[in-house]
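Colleague: Please show me the structure, and then I will ask about it.

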Amino acid sequence: MRLARVIGAGSIAVPVGALLAAAVLAAHKILGAVFVGDPRLPTPVIDRFAMLGWVVVGSVVALVLLVAFSLPLTKHAGALALEKVHGLSGRLSNAIEFAAIPVAKRDPFMQAAIDEACEVVANRPHKETLATSKASPLFAAMIVGPVVAGLFWLMAFGVFTGVALVQIRTPHPPPPAGPPPIDALVLSQDDLDLFRDAAKELERGDQTPEVKSAIDRFNRLIEDLAAKRLDRPEAFKQMEEIERDLLSGAEADRKRLEEELKNTAKALEKSELAKPASESMKKGDLKSAEEELKKLAAQLRDKTKKLDKSQLEKLREALKKAAQQRKENLAAVNQRKSELTEQLLKKKKELAEEKDPNKKREDERLLRKKERELERLDREQQEQQRASRELERLDRELAQAAQDLMREAGISQEDLEKAAKDLEQAAEDMNRMEQESMSQKDKEELKKKLEELREILRQQNQGGKKRQSRMVKFSKRARGGSPSQGGDDGPEGDDGKNGKQGNGKQGDGKDGDGDGQGGKGGKGGKGQGKGDGDGDIELTIGPGGVPIPMGGSGQGDGNQPGGDGSGQGGKDFGSGKGGAIAGKETNPNMGTVDVEQQGLDSGSGPTNSKVIEAAAEKGFRGAAYKKVFTDYRTVAEENIDKETIPDGYRFYVQRYFQLIRPRD
Amino acid sequence: MADKKSTESPSAKSSDKREDAETDGPREEVRQFQKQIGTLREEVGKVVVGNRDVIDGVLTCMLAGSHALLEGVPGLGKTLLVRTMADALSLDFARIQFTPDMMPADIIGTTMISEDGGSRQLAFRKGPIFANIVLADEINRATPKTQSALLEAMQEQRVTVSTTTHHLDKPFFVLATQNPLESEGTYPLPEAQLDRFFFKLHVQFPGRDELHSILSRTTGSEAAVAKPVLDKAQILAMQKLVREVPVATHVQDYVVRLLQATHPETTTFDGVKRFVKFGSSPRGAQAILLASKIRALMDGRFAPSLDDVRACALPALRHRVLLNFEGEAEGVRTDAVLVAIMKGLPETSK
């Protein structure tokens, strides 16, 4: 029975021990592979640890088996087992129990029980002699079962360990990775159209290559987003790159141009005649500079006013210097660059021949320094060349004017006329440069679009799929479709408190009756009046940008009895519909800005409120809506420009107008 | 063993002979007991079909000098069984049909004025409880007051009327029945009173063969009648013999551990902790051990085994272990809890 118990304990302890031993082996292999040649954990130490682990595991298993064997059996365990097998009904255990009592203390029943047990055992037929092997079936119950179970576990662990070890020994190259699945950003079709249109508007023939390239990249970005080829990090990375290139080039070019113009202005200011033009150039006011140069040309042409020779001489000197200094500067840079290149080549040669490692390191450091300087000069040269290209014609014209004035000795009216023409040509160059600076505005516009796109994507991330779903529905409605079209008719979720759809009766223009209730933000009123009511429009921009209720409320000036009350929603702006706008209530303490705009009554066509109501129901389409939208947007943009709308809210105003923009 | 005997010395042989002489008494008594029980079973079996366990249970209660509670739907032969037992044992038999308007005096008797030779005297008139075998039919229909009167008599084996105590004749054996289905207008026996029943026996519905036998026996022209096979003296001798049977320590220890295992405070069994409100009283252990002795004697053995204990545990404990609300609500049966305990309880302790 002890053996059976040992086997039973072993059937658990041995597989567990094997598992632990396998774990130690695996750890040994992994550590050996990771710390190969590493002095922090040398191989002999790993070997010692592994050996110690195996010894501990083996000792624990042996201890478990020893304890299982040495623990005492329960009282009469053997007798009870025999009784069960041979159907002795407690005779053996009782007899053993009674036999332990001294004979003197035994009663006759005890003795009879002992005798009966002896007789039962003795009188059994030979084939039915008590068999301990049956009572404690070691082989059948205690060996086969646990051993089979143990073997199964050993095999399982063996296979597991073997596979693990094979994997560790033979590092496989990473499998050829296909394009990793991305969590693509989804932009609604409506927004995609918005940005496509914006890019189309920006594209023009007379743009600088940088602007064209940036617009192309922006287009590609929008198309990639449409094709769901970009995930969030990639989209933001591309936007950042476009913006960076756009800004860095633009800034550098603009600064260089301004600097060069200042240099020109500095040269010209020495002449009293050219001073006004010089002042304008210094300020960067090209338009004014153009006018001043034209004035100077007119002054030269003016036969009535004879110019002083010294003044003309100074003008000539100033023009000459202004024309030449850029070339001189560029030549100086080129000179410095060629010198540096020579030094660099020489240094590289020396470095290749140098054998002293300390000196070599020092030379390498110097070489890198010079390379950096060369790069800087390279950039400076390029910028200067670009600026020179821009100002080349101006320089040429100024040089020509100076030459014309050089015939000082016999300066004639013809010569002055020629100089005047040259200066006029210079003024034209100013004009051209001004035109070219318009590209800068395109860049700024593109930058603005990028910012909008970034903010939309950022907002979209905050709203999650629910927001996307709402956007899709909104787009459908905006285009005049029903939200239920396409089977997408699930309940629309709200961001915050539900706005309540108002029911209103639109004033008909005669008696101006209208009442209604908007969402949380606005409430329509009653109004009575006739004819010439001037309604006021109230725009309320909510905090967080979520709700921007726009309820019509106005004051009607009735010219009939009873029409001069302060009813809301007069003829023009009866509050027919509150906005079905979800979101938090407007907090009046959160910096809301009320903008009042005088409504316009053209006297023909539907009223603005009717147009807006129709747009809300049938989509943002039609000429009438476009007109109303344009009016409102102009007001909003003016207020944004005037900075009456806080920075944090501008995006939401713009976004609002983007969403309600007319669709063709 | 036989080989060992042949090699023993003459003195050892004489010792064996002395021991044989000593053990002849118990052997004979046990043989006699077994024979009497066999005869009784046979006689009862002539009238009562099947229900061997119930018959053995009732006999066990009688030999232990205690009482049995029979539970089963009407018509299963509970009354017939008790009446047949009374016939086979040639004992006085009384049947009390309990009703809600029954008073204690209706059971134990009452003092009446009687005229004897012109003088009037108060005389005690014995109630039906003064019989050897009392069938208390549908005991749960009587009021608690009446039930208490019966149960007190069962425990004390005497009744006190006015200032006079009347001892009940021995053997005294009450067989109470109750119908588990009808609960309206009944007064379920309180736990303390249930404890006074040695066994609670479930009378099962007979099987197909048994039904055939019942029909054959009861629809013919001759009704089977049990003849008396045991008298009072024999029964009392048998009761005495039961008390002489020794119990091995490990068996008694098993009974004690079994009893402790029915208590939620001391048990290690989850089922008991979860579903049992109160475990069995020590009367439960007494009942198990006495019943085990009787079972061993019935089987011709001199001492009870663990199997005897397990066989007697259910009828001895099922009415002594009380389930809690959760157990009742989940329809847990006490028998299932006890079976789980016996399945998990080690046979011997270290």
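Colleague: How many helices and strands does chain A have?

Modeller: This is a predicted model, in which local features need pLDDT of at least 70, side-chain atom pairs count only at pLDDT 80 or more, and totals for chains, interfaces and linings use all residues. Residues are numbered from 1 along each chain as its sequence is written, and chains are lettered from A and ligands numbered from 1 in the order in which they are written. Helices (H or I, at least four residues) and strands (E, at least two) are DSSP runs, numbered from the N terminus. Chain A has 18 helices and 2 strands.

Colleague: Which residues of helix 11 of chain A are buried, and where on the helix do they lie?

Modeller: A residue is buried if 20 or more other C-beta atoms lie within 10 Å of its own, exposed if 12 or fewer, and partly exposed in between, with C-beta atoms placed from the backbone. In helix 11 (residues 275–283) of chain A, the buried ones are A:Ala277, A:Ser278, A:Ser280 and A:Met281. Down the axis of helix 11 of chain A, their directions from axis to C-beta atoms fall within an arc of 165°, so these buried residues line one face of the helix.

Colleague: Which residue follows helix 11 of chain A?

Modeller: Its phi is positive, near 80°. The residue is A:Gly284.

Colleague: Which helix of chain B supplies the largest share of the side that touches chain A?

Modeller: Counting contacts as C-beta atoms, placed from the backbone, within 7 Å, 26 residues of chain B are in contact with 24 residues of chain A. The largest share of that side of chain B, 6 residues, comes from helix 2.

Conventions
Contact = placed C-beta atoms within 7 Å.
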